[in-house]
Amino acid sequence: MGDIHIVKLCVGADSLDDLLNWEKARGAISYIHTRNRPTRCEELLDGGSLYWVIKGVILCRREIVSFDLVDDKENPHWKIGLNTKHIATEAQPRRPFQGWRYLKAADAPRDIVEGEHDLPPEMARALKEAGVW
């Protein structure tokens with residue numbers, strides 16, 4: 001896994017299932033749009049992932065596979081290509097922010113191995129805020 005990742009809010013989703021259903025309805029979208037090209041895109045292509053924040057908690061990630069300029073004269077922007085597989089992660093609380101942010105690998109939540117159980121996001125957030133977990 002890479003040394004640097006991106007964190008992005010998943011606006012409009014109330015749960016991981018909402019995100020998965022939304023993407024499924026749109027043909028498993030394999031990219032997101034961003035106005036500016038990340039300055040560290042080469043590092044991100046070397047094993048970086050996009051971590052989704054849903055209702056204030058990181059719940060999953062998708063590996064970043066490409067950066068493509070969309071040369072639209074009225075609205076030039078970048079497409080960040082993503083692997084279609086979602087990887088569930090430990091629930092990690094995040095405060096609201098705009099756009100996206102870099103995330104150091106050392107600060108990223110660990111992946112949840114299939115069959116392993118994680119706390120519900122609300123419980124994980126409450127325990128972390130109380131300093132218990």
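Arg61 is buried, with a relative accessible area of 5%, where buried means under 20% relative accessible area, exposed means over 50%, and partly exposed lies in between, as computed with a 1.4 Å probe on protein chains only. The model is predicted, so local features are reported at pLDDT of at least 70 and side-chain atom pairs at pLDDT 80 or more, while totals for chains, interfaces and linings use all residues. Residues are numbered from 1 along each chain as its sequence is written, and side-chain values use heavy atoms, leaving out hydrogens and water.

**Overall fold**

- The secondary structure of the protein chain comes to three helices and seven strands, these being DSSP runs numbered from the N terminus, with helices (H or I) of at least four residues and strands (E) of at least two.
- Read along the sequence, these elements follow the pattern β-α-β-α-β-β-β-β-β-α.
- The protein chain has 133 residues, and buried residues make up 36% of them.
- Among contacts between residues at least 6 apart in sequence, 68% join residues at least 24 apart, a contact being heavy atoms within 4.5 Å.

- Apart from neighbours within four places in sequence, Arg61 is in contact with Met1, Ser49, Leu50, Tyr51, Lys85, His86, Ile87, Thr89 and Asp111.
- Thr89, one of these partners of Arg61, lies in strand E6 (residues 87-93) and is buried, with a relative accessible area of 2%.
- A polar atom of the Thr89 side chain lies 3.5 Å from the backbone nitrogen of Cys60.
- Leu59 also belongs to strand E4 and is buried at 11% relative accessible area, and its C-alpha atom is separated by 9.7 Å from that of Ile112, 53 residues apart along the chain.
- Lys55 sits in the loop between strand E3 (49-54) and E4, and its phi is near 55 degrees, a positive value in a residue other than glycine.

**Cysteines**

- The structure holds zero disulfides, with a disulfide counted as a pair of cysteine sulfur atoms within 2.5 Å.
- For Cys60, the closest cysteine sulfur belongs to Cys10 and lies 7.7 Å away, so the two are too far apart for a bond.
- Cys60 is buried at 1% relative accessibility, and Cys41 likewise counts as buried, at 3%.

**Ile6 in strand E1**

- Ile6 is placed in strand E1 and counts as buried at 0% relative accessibility.
- Leaving aside neighbours within four places in sequence, the residues in contact with Ile6 are Pro38, Leu44, Ser49, Leu50, Tyr51, Ile64, Ile80, Trp100 and Arg101.
- Although Ile6 and Lys104 are 98 residues apart along the chain, their C-alpha atoms are separated by 8.6 Å.

**Asp18 in helix H1**

- Asp18 is found in helix H1 and is partly exposed, with a relative accessible area of 32%.
- A polar atom of the Asp18 side chain lies 2.8 Å from the backbone nitrogen of Asp14.
- The C-alpha atoms of Asp18 and Ile54, 36 residues apart along the chain, are separated by 9.5 Å.

**The largest pocket**

- About 330 Å³ of space lies in the largest pocket, the volume being the space filled by probe spheres set on grid points that are joined across faces, edges and corners.
- On a 1 Å grid over the protein atoms alone, with a 1.4 Å probe, a pocket is an open set of points with protein on both sides within 12 Å along at least five of seven lines, and lining residues have an atom within 4 Å of a point.
- The lining comprises 19 residues, of which Leu9, Cys10, Val11, Trp22 and Trp52 lie nearest the centre of the pocket.
- Strand E1 (4-9), helix H1 (16-25) and strand E2 (31-34) each supply at least two lining residues, and H1 gives the most, with four.
- The lining divides into eleven nonpolar, four polar and four charged residues, with Ala, Val, Leu, Ile, Met, Phe, Trp, Tyr, Cys and Pro counted as nonpolar, Asp, Glu, Lys and Arg as charged, and the others, Gly among them, as polar.

Definitions and conventions: A polar contact is a pair of N or O atoms within 3.5 Å; within protein, one must be able to donate a hydrogen and the other to accept it, and residues adjacent in sequence count only if both atoms are side-chain atoms.
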